[in-house]
Amino acid sequence: MFSHQPWYHGNITRSTAEDLLSKAGKDGSFLLRDSESIQGAYALCVLYQNCVYTYRILPNEDKKLSVQASEGVPIRIFTLLPDLVEAYYKENMGLVTHLQYAVQKEKEEEPEEEPEPFTLPPQLPPRNISGNESKDCHSDSSRGTDRGTELARPSISDTYLQRWQQIDISNLSEDHQKSIQEYFRTSVCLDAEQVQSGNPTLPHLKKLTQSICKNLNSEIARTLPSLEALQKVLDPPLSPGAGRLRSQLSGDANQSVAFKLEQLTKLIYAIEDKTKNAVFEFVGYDGGHRKSLIPPVMFEVKCDSLGISNKMYLKVDVEGGKVYFKKSKDGPEDKYFVHNKILQLVKSQKMHNRLALVVETEKEKTQRKDYVFDDTKKREGFCQLLQQMKNKHSGKPEPDMITIFVGTWNMGNANPPQNITSWLQSKGQGKTHDDTANQIPHDIYVIGTQEDPMGEKDWIETVRGALRDITNISFKQIATQTLWSIRIVVLAKPEHENRFSHVFSDSVKTGIANALGNKGAVGVSFMFNRTSFGFVNSHLTSGSEKKLRRNQNYISILRFLNLGDKKLNPFDITHRFTHLFWLGDLNYRVDLPSQEAENIVMKIKQQQYQELLARDQLCIEREEKKVFLEYVEEEITFAPTYRFERDTRERYAYTKAKATGTKYNLPSWCDRVLRKSYPMVHVVCNSYGCTNDIMTSDHSPVFATFDVGVTSQFVSKNDLSTDAQGAIKIMNCVAILFTKSKTRFFIEYHSSCLEKFVKSPEGENQENKEGSIKVRFGGQVELTPIIADPEYLLDQHILICVKSTDCDESYGEGCVALRLAESSYTEFSIKLTHHGEHTGHLTGGIQLPKSEGKQAEKLYDFIKVGDDPGAGKGKSGDSTKISSSVLASDISNPSYMGVGYKSNNQADRGASNIMSPRTGPSLKDMTHGNLSPKKSSYDHATSSPTAKTTNPVSEDGKPPEMFDNPLYGSMSGSRVGKDHLSPPDPHFSFPKTDLDADRQVPVPTPRNRSFTCSETKPHSSSAINTTSSGLQSQIITKKPVVPSRSEGGMTGPNRPPIPVKSRSGQPQDLQPKPRDYRDSSELPSKTRPQTRPGQPKDVHHESSQPLKMGRPLK
C-alpha cells in the first residue's frame, strides 16, 4: 500500500512512534502509523518543541481521507495518503507546525527468521494443471507451455501413481485396486479442473469413497437402528434427544461416510457413558467403589501425644465423604469425621510435611489435630483429596473452584508414543503430584502442541483416549484452533459442558515476514459461568541469538490475537480475562557461550539449575520488563526440556551440523507456562514440571496444574425491593503517564457489573519530570452497577483505561478489585500498561455502596497456610476459637499490575504496597500460596525478587526437602534460591548478572475480617523455634473429646459453626488481637522487606513493639 513511503511505519505502537520522533529531535519531524483505536484510520505524529502531537486521519464512506486538525480550520478531503502528506508540508494547515522532516523506518536490528526447515501446512501435490492440460493429464510432455520450469515437474496424476506403485497392495481386493488406480490415472485431474472452475467438492473422490465404502454403508444402516434402540432404553422417559441422531444420519443419503462414522462413534461413547452412570447409580456406595471414581487412599502419619510420637493412618474416602482415623493399617474404621465436620486444613510454613486439621466435635466445639506426613508431596496429596471431597459434597449447585491442567509439547514432527498418561498425570521432574492424587480428574484440560504432525481429529482422539484410560471419563471437546502445526485443544468434564459460553478462537502468524504460520500463536477464550478465561499457545522464533525477534513475536501476538469480549476493544488480551494462561515453545535459551556446553550438562546432572536460570533469556527479559510484564511463572525445579537426543532422556544433542558449520543448541527451558490473573482472585499452582518417559521428540512435554476460583450467575438472597442501592464511587485519581504528548486525557471505566462503560471528565495536565506527564482528574465518578448487592460486588473488577482526547487511543490500562473497598473508602495504586509496556501509574480512591452484607464463604478457603503451633495453647474456656495457626492476612494477587491500597483505618503504606512485577504467589513445596480473597498467613521466606520463589527455611535452619530428579539420581547438595546463589565453580565460569538488586519483597496488605480464625494466645519468641518433639495436638475446648463413631460421624442438617470472629452480633474486641508478623520487626533478617526508595523508615514503627495481647507472656 504505502509501505514504500519513508514516512509510513505501519502498525508500530504509539510509544515506538514517540521514541523515533524524540531521536529525530527536530521541530516538524513527522511519521504516519496505523491508528490503534479505529481500523482503517491513521495517526499523524508530529514533533514540536520536544512534544509529540497526534492527529487522526479518518476515512469517510467513500474512503476519502481527512485530518482532524484544530477547530476552525476547514476540513480538506484527499483521495490518496501521499497527497494528504504533501499538502500538509504547507504552513497554516491547522497543525501545531507544518510537516518538514519525514522520519525514516528503522532497519531491523536482526534479520527475519532464517528459512530453516519447517513444517508446512498439509501440502497439496504439485499443481501445474492449466485449463488446456487438464483434459488429458498424460499427454506428451512436449506440449506447448511457456513455463519451462514446470515441464520438469511430474503432474498430479504421475505423483500419486508413483506413490501407489511403491506401497504394498496385496491385501486389497481387486476391484478396489482398479478403482483407486483409475482415480489417480484420470479422475484426480478432473477434480483439479473442477476446483479451478470454482467447485471444491471433489466429486470424483466422493464417488470413489462411496464405491469403496459400499459395504460399510450397508453395515452402518444395519447397525444404527440397534444402537438407537439401545440409546432409547437408556435415555430417561420423554427425553427430547431420542431418535435425533438417527434422523441426522439416515435423513440425508448424501452425507459422507466420514460424517456417519463420526456420529456413530459419538453415539457409542454416549451409550457407554449412560450405561456406566445408570449402573453406578444402581450399585451405590455400599456395592463397592466405582471404577471411574476416586478410590479410598491411606496415608501413614505421625502425631504427638504427651511428647511421644505415635504412628497413625488416615484413610480418605472422597466418594463417601469421610476421613477415618486408624491406629493400624488394618484396624477398625470406627473413628471418622464426615466432610462437613472437617472445618479447615492448616499447612505449616516451617515444616512442609506438617498439617493441622480443625474439626468440629460434639456441641459445636472445635478440636485441632496435628499430623506429620512422610514428605511434602504426601501432605499435598492429602490436601487435594480433602479439597476434592469438600467440593463434591458441598451441595452447591455451581462450583466456586475448578482445577485446570495446562500442557505444552513440541512434538518434533514425530507421532506420539502409545502412552502419554504420565504427561496428563503430572508425573516426572519438578513440582509434581503425589501418586495419591493421580486419580483426581481435572475439570479442564488445555493441551498446546507445536510441530504437531497429526491431523486435528486424530490428535484430539489420542488425548481423549488417554484421559479415558486415566479417569474413565469421556471428556467433551470445548474448542480447538490450529495454525499449520501449532495447535491448542480444550477438553472438559461432561458435567461442565453447559457452563461454557462465548467460546472464541484465533491465530496470529509471526513466521518470515509475519506471513508464514510455521511460527506464531493460536488462542482460545471462553466464559466458565461468569469467569473469563484465555489460553495462548505460541511457537516463537528459534535460535539463541534471536532474542529480540522473540520479543517482537510476543508483542505482535499480544496486539493482534483477537479473543474475548469485543466490548473491551481498548484492552489487549492482557486485561480481557480474569485468568490468562500463556504456554508453548517460547524458544528462549540459556544465554551462555557454546564452549560451556559440557559444563552446562554437568550442572544439569547436579541439579544446579539456579545458576543456569540466572542466564535464562526469558528470566532476564522479564526482569528488564521487555516481555510478559506482570506475568507469574512457578519456580522451575526440573531439567531443561530441550534439546534431547530422541528416544532417550540421558543425553542432550546440543550440536547440529549445517552447511555453514556446526550450530549449537544449548540445553534450555524452551517450553514454559506463565499466567496472569486479575487482582485478589484465587489461583494456586499445584504442579509445574516435565515428563521423563516421553521421548519421541527432542523436547520433553511440560505440565502445570492450577486451582482456580470461579464465579457463577449471582442470585441475591435479599428481597429485591430492599436490595442495597447506590453507586461505586471513584475519586481523587492522579495518573503519571510516560509520554511526551501534550494532549488532554480522560478515563474510561469498564466492567461486567456495569451496563456500559463510563467516561470521566477531562483531566488537568500538570508538569512532571521530562518524559512523563502528570494528570489530575478532579471530582468523583459514580458507576451504577447492575446489581448493588455487596456479595456480588466483592467478586467484581473495574478495568481502567486512560485515553487521549485527540486520537482516542489508550495510554495505559489497569485493573482494580472492588474487594479492596470491602469495609470502607480505600485508596489504590496500580500500574498502567499498554501493548506489553509499562506506561505509567494511577492512584485514586474507591468506595462501595454501604451495606451490612458480606461476601459468601468460598470452598477454596478450606485450606490455609498458617504459622506453626506451639507458641501457646488456646484458652480452655473458649470452645469455638480456631487455632492461631490460621493467622489472618490477605494478599493482593501480585501477578496483576502490583495493585496496592490503603484504607482510612489501616496503617498508611501508600504506594509502597505496589508489588514487584515478577513477584509470584507460588510457594515451593506448597500448593496453596494463598491468593484467596480470604485470609491466610503469608510466608515471607517464599518470596523471591525474580518470582521464582526461593526455598523457605525450616525450623532448624536447613532448607526443606528437595525432590530428587529421577533422571540423575539423588541430590548431593541443597538448592538455594536465585538470590542466594553459591559462586560458580572455576570450571564453570561465566559472567554473573545481578538482576535482582533493586527488587523488593512484596508487602502483604492487611484485612479487617476473617471467616476462619482468631488468635487465642500470642506467639512467644521461644515458641516459634519449637522442634517437632514438642508438637502436641491442641484441643481448644473445655475438655478433651474423643470422637466416637456416633459423634464423629454425625451428618446433621446444621452446618458447622462459623468461627466467632465472623459472627454478626458478637463484639470482636473480646478477642485478643493476633500477633501479625507481617507488620513486625521480628521478621527474619534474610526475608525482611527492604525499605523502598522514598519510603519513610518508620512506616511500621507501630509494629516494632510487641503487640499487647489478652494476657502477658510467661
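The notes below take confidence, then a hairpin, then a sheet.

Confidence. I am working from a predicted model, and I noted an average pLDDT of 76 for the protein, with 68% of the residues scoring at least 70. Over residues 901-1114 the pLDDT is below 50, although this stretch has 536 contacts in the model beyond near neighbours in sequence.

I looked up strand β2 (residues 42-48) and found six of its seven residues buried, so β2 is largely enclosed by the rest of the structure. Strand β1 (residues 29-34) runs antiparallel to β2 and is joined to it by five bridges, with Asp34 having Tyr42 as its bridge partner. β2 also pairs in the antiparallel sense with strand β3 (residues 51-59), over seven bridges, and here I noted Leu47 with Val52 as its partner. Two residues lie between β2 and β3 in this hairpin, and Gln49 in the turn has a positive phi of about 50 degrees.

Sheet. I then followed an open, mixed sheet of seven strands, in the order β14-β25-β26-β13-β15-β17-β16. Because β14 (429-431) and β16 (476-483) stand at the edges with a single partner strand each, one side of each is left without a neighbour in the sheet. β14 pairs with strand β25 (residues 683-690) in the antiparallel sense over three bridges, and Gly430 stands opposite Gly689 in β25. Helix α12 (residues 456-471) packs on the sheet, where it touches β13, β15, β16 and β17, and its direction makes about 40 degrees with that of β17.

Notes:
Residues numbered from 1 in each chain as written. Predicted model: local features only at pLDDT ≥ 70, side-chain atom pairs only at ≥ 80, totals over all residues. Heavy atoms only, no water. Pairing = 2+ DSSP bridges. Helix = DSSP H or I, 4+ residues; strand = E, 2+ residues; numbered from the N terminus. Contact = heavy atoms within 4.5 Å. Axes fitted to C-alpha atoms, helices over the stretch in contact; angles between N-to-C directions. pLDDT = per-residue confidence, 0-100. Buried < 20%, exposed > 50% of the residue type's maximum accessible area, 1.4 Å probe, protein only.
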